[in-house]
Amino acid sequence: AIALADDDADGAGADDAANNGQDFAANTYTVSGATLTITKTAAVYSDPVNGTTSPIAMPGAVVTYTITVANAAGGADATNVQIVDQLDTANLTFATQFNDGTDACAAGEGIVIDNVCNDHGDADGSDYNVTTADTVTVSGLTVTAGSSAEIKIQVTIN
């Protein structure tokens with residue numbers, strides 16, 4: 001908002017004295033930022049004994065991690081968001097081919113971003129063990145205000 005006043009021969013303005021021959025302008029700016037909430041959940045997808053029927057966490061089980069990045073409504077879009085998730089490689093092995101019954105990816109596509117399969121080591125903004133050792137890195141996300149992005153990876157329990 002801009003307020004202008006001509007105070008040359010009249011009363012005092014908002015920022016100056018009366019009859020001083022000065023004009024003033026006042027500006028206000030509203031800055032809104034992104035408000036992100038990040039959650040991570042784990043669900044056992046399959047195990048070597050039960051398959052996908054009531055699987056439990058045991059050695060050989062496949063676990064799906066889902067990272068959700070939500071941006072609150074009314075704020076700004078969040079651009080160039082980077083998510084970094086280090087895996088406990090003493091107990092887990094990254095699955096280079098993602099499959100949870102909903103998203104079935106090709107070999108070498110182990111990271112799913114908003115239901116799109118991604119190679120885990122190329123220039124698409126997502127990788128495992130390339131940017132940082134034993135770490136999933138997803139870069140360049142845009143999360144518009146009032147929406148969310150979802151990243152899914154799978155691991156096998158050692």
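Buried means under 20% relative accessible area, exposed means over 50%, and partly exposed lies in between (1.4 Å probe, protein chains only). This is a predicted model, in which local features need pLDDT of at least 70, side-chain atom pairs count only at pLDDT 80 or more, and totals for chains, interfaces and linings use all residues. Residues are numbered from 1 along each chain as its sequence is written, and side-chain values use heavy atoms, with hydrogens and water left out.

Q: What percentage of the residues in the protein is buried?
A: Of the 158 residues in the protein, 32% are buried.

Q: Why is Q154 called buried?
A: Q154 has a relative accessible area of 2%, and buried means under 20%, so Q154 is called buried.

Q: Where in the secondary structure is the place of Q154?
A: Q154 lies in strand β11, which covers residues 148–157; a strand is a DSSP run of E with at least two residues, a helix is a run of H or I with at least four, and both are numbered from the N terminus. The protein as a whole comes to zero helices and eleven strands.

Q: What makes the pair of Q154 and T64 a polar contact?
A: The two side chains come to 3.0 Å, and a polar contact is a pair of N or O atoms within 3.5 Å, where, within protein, one must be able to donate a hydrogen and the other to accept it, and residues adjacent in sequence count only if both atoms are side-chain atoms. The side chain of Q154 also reaches the backbone nitrogen of N99, at 2.9 Å.
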